[in-house]
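Hi,

Here is the structure I promised to pass on.

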Amino acid sequence: MPARGWIEVNNMYCKGCELCINACPQDVLRLDMESLTPKGFHPAKLYKDGCTGCAICSLVCPDAAITVYREVIKKPAIVTGGA
Ligand code: SF4
Ligand code: SF4
């Protein structure tokens, strides 16, 4: 099962350059045409499932506007016991 991730875009920094959108291998980013940043740009937005948390979008963003989160799946503990 692929890793599951998600991102947050800081609208104070995003300038809608689309570098992250073009770099995302999962094609899960788009500009949000429904909103504007305080500087008047359409910000990038995660618009569907499929983010793996690979962080490529964050690496290419020239304005450090993206924070990436990745789900951590803990392995179940193996419990042994008995007399
Ligand atoms: S690369 Fe950064 S500044 Fe450009 S659209 Fe993506 S989040 Fe916004
Ligand atoms: S972390 Fe990876 S998969 Fe998720 S939006 Fe960014 S580039 Fe795409």
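Predicted model: local features only at pLDDT ≥ 70, side-chain atom pairs only at ≥ 80, totals over all residues.

Asp27 sits in the loop that links α1 (19-23) to β2 (29-31). Its backbone is worth a glance too: phi of Asp27 is near 55°, which is a positive value in a residue other than glycine.

Ala55 also has a positive phi, about 75°, although it is not a glycine. You will find Ala55 in the loop between β3 (44-46) and α2. Is Ala55 exposed, partly exposed or buried? Ala55 counts as partly exposed, because 15 other C-beta atoms lie within 10 Å, and that falls between the limits of 12 or fewer for exposed and 20 or more for buried.

Now the ligands. Ligand 1 has 13 residues around it, and the closest are Cys14, Cys17, Cys20, Ala44 and Cys61. Sorted by class, that shell holds 9 nonpolar residues, 1 polar and 3 charged.

Which residues come nearest to ligand 2? They are Cys24, Gln26, Cys51, Cys54 and Cys57, out of 15 residues around the ligand. β1 (5-9) and α2 (56-60) each put at least two residues into the shell around ligand 2. By class, the ligand 2 shell has 11 nonpolar and 4 polar residues, with no charged ones.

Next, the fold as a whole. The protein has 2 helices and 4 strands, and from the N terminus on they come in the order β-α-β-β-α-β. The protein is more spread out than a compact globule, because its radius of gyration is 17 Å, well over the 12 Å that the globule rule gives for 83 residues. Taken along the principal axes, the C-alpha atoms fill a box of roughly 70 × 25 × 20 Å.

Two last numbers on packing. Buried residues make up 16% of the 83 residues in the protein. If you take the contacts between residues at least 6 apart in sequence, 66% of them join residues at least 24 apart.

Cheers

Methods: Residues numbered from 1 in each chain as written. Chains lettered and ligands numbered in written order. Near = placed C-beta within 6 Å. Nonpolar A, V, L, I, M, F, W, Y, C, P; charged D, E, K, R; others polar. Rg over C-alpha atoms; globule rule 2.2 N^0.38 Å. Contact = placed C-beta atoms within 7 Å.
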